[in-house]
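Colleague: I'd like a close look at a single part of this model. Please take it in one go and give the cut-offs as you use them.

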Amino acid sequence: TVTYTHFVVALGHIHATSRATGETRRDDTVRVVDLVLTPATGAPLMIFEDVPTGRYDDVGYETPIATASATRDDSVPQPVFDELVAGGCTYLVEGVITNPTGTSTPPGGTTMPAPSIAFRFCIPAPTVFGPCSTPDGIEGVVVTSGTTTNASLTFHGDHPWFDSFPSGEEI
């Protein structure tokens, strides 16, 4: 079991483009947020006003290296933000791994019980995501006249633990 104390991520360069019309909305602000402290219902990262109706089938974003010019969300304490920037990282993840039967063997040492191990990683992993789609494979988002359209970004807390992706999943 992994329990996160912090799951801080730098994200930005959010864009939505209609391939049919060429209409584009883009926000290049990089925001640093702690997903542990983000409400389960989500939190708005950016808002595009007066968007023409239609399908925006090329939607994407980036998780860049955090810099001092990034916007720090209130969910991220200033010292954590400073550590992320100083480390040249995209993610700062902190927590505890728990396994009641877990063990640890230090290099050259003796195996001993270790039912929990604390961790704190500053991870440089700049990534471009897109074109994004819904869970059922529909590309992008449809904007309907006279309404507010929400689009969600999903982060998977298990991905920093991968040592590779299944063949074919890397795209």
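At what relative accessibility does E83 stand, and does E83 count as buried, partly exposed or exposed?

Modeller: E83 has 32% relative accessibility and counts as partly exposed. Buried means under 20% relative accessible area, exposed means over 50%, and partly exposed lies in between (1.4 Å probe, protein chains only).

A word on the basis. This is a predicted model, in which local features need pLDDT of at least 70 and side-chain atom pairs count only at pLDDT 80 or more, while totals for chains, interfaces and linings use all residues. Residues are numbered from 1 along each chain as its sequence is written, and side-chain values use heavy atoms, with hydrogens and water left out.

E83 lies in helix α1, which covers residues 78–86. Helices (H or I, at least four residues) and strands (E, at least two) are DSSP runs, numbered from the N terminus.

V80, F81 and L84 are the buried residues of α1. Down the helix axis they fall within an arc of 100 degrees, so they line one face. That arc is taken from the directions from the helix axis to the C-beta atoms. The background is simple: an α-helix has 3.6 residues a turn, so residues three or four places apart point the same way. The face turned away from the buried side carries the exposed residues P79 and A86. After α1 comes G88, with a positive phi near 60 degrees.

What does the buried face touch? Its residues pack against β1 (2–17), β2 (24–34), β5 (71–72), β6 (91–98) and β9 (116–123). Contact here means heavy atoms within 4.5 Å. Take F81. Beyond its neighbours within four places in sequence, F81 is in contact with V32, T67, A68, A70, R72 and V76.

Now the core. A nonpolar core is a set of buried Ala, Val, Leu, Ile, Met, Phe, Trp, Tyr and Cys residues joined through side-chain atoms within 4.5 Å. The largest one has 12 residues, including V80, F81 and L84, as well as V8, V30 and V32. β1, β2 and α1 are the elements that give two or more residues to this core. The largest share, three residues, comes from α1. A second, separate core has 10 residues, among them V9, V33, Y61 and V93. In soluble globular proteins, nonpolar side chains tend to be buried together.

Back to E83 and its charge partner. E83 and R120 meet through their side chains in a salt bridge, at 2.5 Å from N to O. The term means a side-chain nitrogen of Lys or Arg within 4 Å of a carboxyl oxygen of Asp or Glu. R120 sits in strand β9 and E83 in α1, so the pair ties together parts that are 37 residues apart in sequence. R120 is partly exposed too, at 35% relative accessibility.

Another is R19 with E139, where the closest N and O atoms are 2.9 Å apart. R19 is in the loop between β1 and β2, and E139 in the loop between β10 (127–129) and β11 (141–143), so this pair ties together parts 120 residues apart in sequence. R19, D57 and E139 are linked in a network of salt bridges.
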